[in-house]
Every structure is written in C-alpha cells, then in structure tokens.
Amino acid sequence: MESGGCSPRMNLRVGVGCGWGRGTGSNAQQSRKMTPALPLLFLGCWLAGPSWVLGQYRYPKPSISVSPGAVIGQGETLTVYCLCNCRGAEFLLFRNGNLIQQMNKYEYGGELSFPNMRPEHTGSYTCRYRYNMHPQYYPDPSDPVQVTLAERLPKPNISIAPHWWVRLGLDVTIRCQAPAQHRGLQFSFYKDGTWWLNRMTPAGRPAEIHMGSISREHSGVYTCRSVAVTAPYLWSDPSDPVELLVSDPSLPKPHIRLSPTGVIAPGGSVCVSCLYDGSVRGFYLSTSGDRTRPPSLQGAWHPGEFPLSNVSRERAGSYSCSIAGEQSRFLLSEPSDPTELWVSDPSLPRPSISLSPSGVIAEGANVTVRCQAPRSDALFFLYKLGGLSYRSPTRGVSQFLISSVTGSDAGSYHCSYHLNSTAYVSSEPSDPGELLFASTRSPGLPPDYTQGNIIRLAVASAVLLLLLLIGAEAVHS
C-alpha cells in the first residue's frame, strides 16, 4: 500500500520535482541509511513547491499570461509568459494543443515573443514544464488563453493641454481623440510604452486624463489607443507619441542669441545659439506660444546651435531655449529670456530713415533717428547691424534718441516696421542711415591712444627725460 509523505518507511510515488526514485520501506538498514538525508528531502520538496493530496505527489500547475493582451493588432508583438514556482524546469509553449517550441527560461518561468502578429499566430495557448532528469514526464498544463487578432480602428490623436512643457505643481490634461465616431470606445493610455490606465467615453467624445500637481515622475512619453468594447476585436494602432516635459528648478537657466540679428529676408539663414557653461544632456529650442509643434532636442555640445535655413514667415516668432539635465531628457530648466526672429515681407512698402543732426557727430552729442512709413498703424524698431535693437512704443512716425554719442554708436542704422496683423513679420529694412563719429584722438597715434592716454604718455616721457639728465650729471661728476 502506498501512502504520501517523505518518510523512508513508506512507498513513495515518483517525485520529479525533488529528483526522487521509487523505493520501499521494508529494509530497516536502508531506512537507517536514508534517515540523515531526511532534512534535505524536506528542503527539496519545499523548493519545488509540491503539494500532497490523498497520499499522491502533485506538481504545481503553471499559469499563463499574454502581453499586451489577448486581443492584439496585426503586426504587433505578442509576448507569452509561463509562471511557476518550479525552479530549474524548462518550459514549453503549445498552440491549439501543438507544441511550438521551448520558451526562453528565467528563474521562475519562461517567455516567448512573436514580434509580428499574423492570423496564423492566433489560437488557444497553453504552457507546460518538465525537468531534464525526467523529460518524459509533464505535469498538468496551464489553463488556456485565447489570443485573437483584432481588426483596425483609425489611429487616435493625443495632445497635452495647456502645454507640453509644465512647471512643477501645475495641472495638465492628456486628451485622446478618435478621428471617427464609434459606439462604445474605450481608450487605453500608455506611459513610456507601458500600459497606464483605461477610460470609457460616450460616442464621439475624447478621453481625458487630468493630472494635478505635476511632479518630476509625470514626465515622459505618452501614447493612447482606442478599443471598441461592443466589438472587442476592433482596436487602433497607438497614437503618435507626445512628450510631457517638466521643469526642474535645480537646473540653471541658459542664454539665447541669434546670428545675424535684425530682420531676415525670406530664404535667408540664421543660427540660434543656446549658451550654457556646464555639462548637460542636451538643449531644447522652442517657439513661445506654440502649443502644437514639439520642441527640438540638440546634442550636448557647447554652444548648442540650431541652424535655420531657408527661413520663411512660418519660422518667425519668439524663441527660447532650455537645457535638459543629465538625469533625464524630460526634465528641463526654466526657459531662457526670449529672442525674436523677424522675417521680412517684400510686399510691404519700405520705410525711410534720417538722422538729426546729420554729418559727423562729435563725442558726447545727442542724435535723433527718425523712421517713417506710409502706414499710420506701423510700429517701428531701429537696429544697428551687429548691435542692439530699439523698439518704438508709438505708431506712424517714430523717433529714437541716441544720447551722449561715443565711438561704439557709430555705424549703419536701419528702420523696419510691422503691423499688428502680421506678428514677427516686418517690412524690408530701410536704406542705411550712417552715424559718423568725430574722434578726439590724435591722427598720428594708434586708436587706443585717446586724450587721456596722450597725457599719461607725456608725463611718462618727462619722467624718463629727467632720469636721463640725472644719470648724465652723475657721470660727469
């Protein structure tokens, strides 16, 4: 008569998980020899996870699961997992009762992926395991899971409001919208490629996820997809990804500059430089107020340069840049102070420019630059090639005062104007107005020798002459 247990005095049913053979308990000598191994036998039973039911050994039944789900779209990757507390076993995957192949093994299970799902991959999946020492023995299979290939719904659109860049502690809403109405849609949201949560919506309505008090952990890449609940074998491809970028107050704010400055002609080129003295993961360049176009990430070199070629009116705008810290490319510094890129419109009449007084200006004098255009609603700005710009707060005719002129104020000045209806689009620049500077330097001396330098040079020369005379007198005496 056989009975259960690990006692050597009893007949044992074969236990593959512990590596035992069949034995009898009639030989007392064998019993005494096996007694010291009894603790090891119990340990082996515990590691293998067996159970004893009515005196018979029963191996643990494996469980099976699939990702991303039992209903999957064509062309996607299906991963099948087989789990069991049976260390050292090898796992086999079956489809519709037929062995497919051995699964990739890890400590407490196996997995197998199908990277391009097709109709022949659908069916009822089960898994089993066995031990190398008893390859002919298979414990009970897992419960089956039915994998079905879904038909396609149109790809949804995902957006983040009010902006894809948000400061810590503020709120954002992630919205997933199906391009076509369908009854009973469920939307699944994913963060960094991993399923996050589901939302049910009425027909034709978008699914929204409201996130309050944003933290650094909320940053990342978000996508969504739609699934027809009334027809569970219909679902969409994932949406295009959208990034949620979160500010990190510990990162310093960079600087930004344009080269060249001033108004850029259509088709011209400009370089936007993001300046920061330190180690960063990269630079983000964005256009202020643009809630649709994602930012650009530039490699981590210094300065971070964004060349813009063949500039058009669509490129005009207010630009700022941020740095992405070394910890994560989704954690950004506060944006730099903005700089504006203006693009000219050849259809606008050119303005005129005049300087008063004209001619050569003495050092310390005041000069008024006058800009005029045929439009009474024009807003002007004055800029110097390679220098700063000045903007007028008044419309029509504008006057700019340059007080206490120095040599650095000399050069060519231009006027341009823009209209409220054409933001960051201006007229072509006026003809140049030349500011000529009258220097007080001596004509025969180098440019660095100003009047103060001349005085210092005269004093030094006198002292040197005095020392020479004293030396000559000492020699004669």
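Residues are numbered from 1 along each chain as its sequence is written, and side-chain values use heavy atoms, with hydrogens and water left out. Because the model is predicted, local features need pLDDT of at least 70 and side-chain atom pairs count only at pLDDT 80 or more, while totals for chains, interfaces and linings use all residues.

Side chains of opposite charge can pair when their charged atoms come close. A salt bridge is counted here when a side-chain nitrogen of Lys or Arg lies within 4 Å of a carboxyl oxygen of Asp or Glu. The whole structure holds 14 salt bridges. One of them joins Lys61 to Asp143, with 2.7 Å between the closest N and O atoms. This pair links distant parts of the chain, 82 residues apart. Lys61 sits in the loop between strand 2 (56-58) and strand 3 (63-67). Asp143 sits in the loop between strand 10 (123-130) and strand 11 (145-153). Strands (E, at least two residues) are DSSP runs, numbered from the N terminus.

Accessibility was also computed for these residues. Buried means under 20% relative accessible area, exposed means over 50%, and partly exposed lies in between (1.4 Å probe, protein chains only). Lys61 is partly exposed, at 48%. Asp143 is partly exposed, also with a value of 48%.

Two further salt bridges can be described. Arg118 and Glu120 meet through their side chains at 2.6 Å, N to O. Arg118 has a relative accessible area of 34% and is partly exposed. Glu120 is partly exposed, at 46%. Lys191 bridges to Asp192, where the closest N and O atoms are 3.0 Å apart. Asp192 is partly exposed, with 44% relative accessible area.

A pair of aromatic rings is described by the distance of the centres and the angle of the planes. Rings of Phe, Tyr and Trp (its six-membered ring) pair if their centres lie within 6.5 Å; planes under 30 degrees apart are stacked, over 60 edge-to-face, and the rest tilted. The count comes to eight aromatic pairs. Phe91 and Tyr129 form a tilted pair, 6.0 Å centre to centre and with 50° between the planes. Phe91 lies in strand 6 (residues 90-95) and Tyr129 in strand 10, so the pair ties together parts 38 residues apart in sequence. Both Phe91 and Tyr129 are buried.

The ring centres of Phe381 and Tyr383 are 6.0 Å apart and their planes stand at 35°, so this pair is tilted. Phe381 is buried, at 4% relative accessibility. Tyr383 is buried too, at 6%. Ring pairs link Phe381 and Tyr383 with Trp342 and Tyr424 into a cluster.

Notes:
Helices (H or I, at least four residues) and strands (E, at least two) are DSSP runs, numbered from the N terminus.
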